[in-house]
Amino acid sequence: KNYQVVVEENRRLYNEVQELKGNIRVYCRIRPFLKGQNKKETSIEYTGENGELVVANPLKQGKDTHRFFKFNKVFGPSSTQEEVFLDTQPLIRSLLDGYNVCIFAYGQTGSGKTYTMSGPSINSEEHWGVNYRALNDLFHLTQSSQNTVMYEVGVQMVEIYNEQVRDLLSDDGPIPDASMHCVRSTDDVLELMNIGLMNRAVGATALNEKSSRSHSVLSVHVRGVDVKTDSELRGSLHLVDLAGSERIDRSEVTGDRLKEAQHINKSLSALGDVIFALAHKNPHVPYRNSKLTQVLQNSLGGQAKTLMFVQINPDEDSYAETVSTLKFAERVSGVELGAARSYK
Ligand code: ADP
């Protein structure tokens, strides 16, 4: 088939499915190629606004020499934190209209999940990720409307590791409900997030090692009361940095490492199943299959908006993981393009 025909076919299919879907969006972000690593770069072509992406198989064998994907948007390697936030901001703001908003970062370890959600450093405002920007924006909005609506904002921060939920803002060990902390400014939040990050490091031999194998969830709950009518509106925002999605070779790991890998697999596929069921408006949504989906149960589905950042590592040796990440995203978004996806 000629490329243009396939692309047209994909667009038509995509638009059809898009109309059926609920409030689920997928943004793909390609991490910059980090130079000086003695690696080769995968050939990835994309059109940002259209969300189209073509990945070339470095081995160039078989019939899948190229794979075609389509998402709501693709952010290339030179996109800035600010640009990414601009396209996320309207979604986040809908929490003040009473929506539950969930934002996930999915991808293999090293693909830029933490960069997108938090940024490389808490101290560099220019590089702040989605979570700090979101809270900053939220406080601006709540303060500018304080004559009409009184807002209360509460924050929770948990880590899910080996199917156990740990409160990062209190020392109470495994818990049924995470502690809620009232915040009034971005500085309050920064302080809490610092505490959370420190607690996350406790007990981990190397922070990066462990944080890539646990999910972290920052939850923001807002209650707004209209000063004239006394009517109340509640919304929530969950910002989720997921564990690395890379598959572990079972023959190479044993013991704790194998257990971790199995827990991660289980929870990521449970998340995929839940979002898939929601995107397809299935009557049964399987929330009970993992701690992650249980924690987020009230925030996925119903009056909820979901955004998934699928993070791509551009190194050629990550090609297999890249395709598996993109397929996961394609499946959860409810837009599986099937045969039309790949072309010669
Ligand atoms: P993950 O959370 O998926 O394991 P990280 O966010 O830690 O990945 O990113 C891996 C490395 O790549 C880090 O050094 C990070 O600073 C860098 N990085 C990721 N995304 C970007 C980006 N968009 N621009 C610049 N550097 C990035």
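Predicted model: local features only at pLDDT ≥ 70, side-chain atom pairs only at ≥ 80, totals over all residues.
## Ligand site, pockets and cavities

The ligand takes up the space of the largest pocket.

**The ligand and its shell**

The residues around the ligand are R29, R31, P32, L34, Q108, T109, G110, S111, G112, K113, T114 and Y115. By class, this shell has 3 nonpolar, 6 polar and 3 charged residues. Helix α4, which covers residues 113-117, contributes the most to the shell, with 3 residues.

K113 places a polar side-chain atom 2.8 Å from an oxygen atom of the ligand. T114 also has a polar side-chain atom 2.8 Å from a ligand oxygen. On its own the ligand would expose 560 Å², of which the protein buries 70%.

**The largest pocket**

The volume of the largest pocket is about 1100 Å³. It is lined by 47 residues, and those closest to its centre are K113, T114, Y115, S118 and G119. K113, T114 and Y115 also belong to the surroundings of the ligand.

Which element gives the most to the lining of the largest pocket? It is α4, with 5 residues. Other elements take part as well: β1 (24-30), α2 (81-86), α5 (130-144), α6 (186-201), α7 (207-211), β10 (215-226) and β11 (232-241) each supply at least two residues of this lining. Sorted by class, the lining holds 18 nonpolar, 21 polar and 8 charged residues.

**The second largest pocket**

The second largest pocket has a volume of about 460 Å³. Of the 20 residues in its lining, Q156, P176, D177, Q294 and V295 are the closest to its centre. Two or more lining residues come from each of β7 (149-161), β10, β11 and α9 (291-295). The strands β10 and β11 each supply at least two residues to the lining of the largest pocket too. In the second largest pocket the lining divides into 8 nonpolar, 10 polar and 2 charged residues.

**The cavities**

How many cavities of 30 Å³ or more are there? The count comes to 3. Two of them are described here.

The largest cavity holds about 70 Å³ of space. Its lining is made of S212, R213, G244, E246, I248, R257, A261, I264 and N265. These residues divide into 3 nonpolar, 3 polar and 3 charged.

The second largest cavity has a volume of about 50 Å³. It is lined by I160, Y161, N162, E163, R213, S214, H215, A243, H263, I264 and S267. The elements that give two or more residues to this lining are β7 and α8 (255-279). Helix α8 gives the most, with 3 residues. The classes in this lining are 4 nonpolar, 5 polar and 2 charged.

| Space | Volume |
|---|---|
| Largest pocket | about 1100 Å³ |
| Second largest pocket | about 460 Å³ |
| Largest cavity | about 70 Å³ |
| Second largest cavity | about 50 Å³ |

How values were computed. Residues numbered from 1 in each chain as written. Heavy atoms only, no water. Near = heavy atom within 4 Å. Polar contact = N/O pair within 3.5 Å; in protein donor to acceptor, adjacent residues only side chain to side chain. Areas by Shrake-Rupley, 256 points an atom, 1.4 Å probe, with all protein chains shown as cover. 1 Å grid on protein atoms, 1.4 Å probe; cavity = no way out; pocket = protein on both sides within 12 Å on 5 of 7 lines; lining within 4 Å. Sits in = over half its atoms within 2 Å of the grid points. Helix = DSSP H or I, 4+ residues; strand = E, 2+ residues; numbered from the N terminus. Nonpolar A, V, L, I, M, F, W, Y, C, P; charged D, E, K, R; others polar. Points joined across faces, edges and corners; volume = space filled by probe spheres on them.
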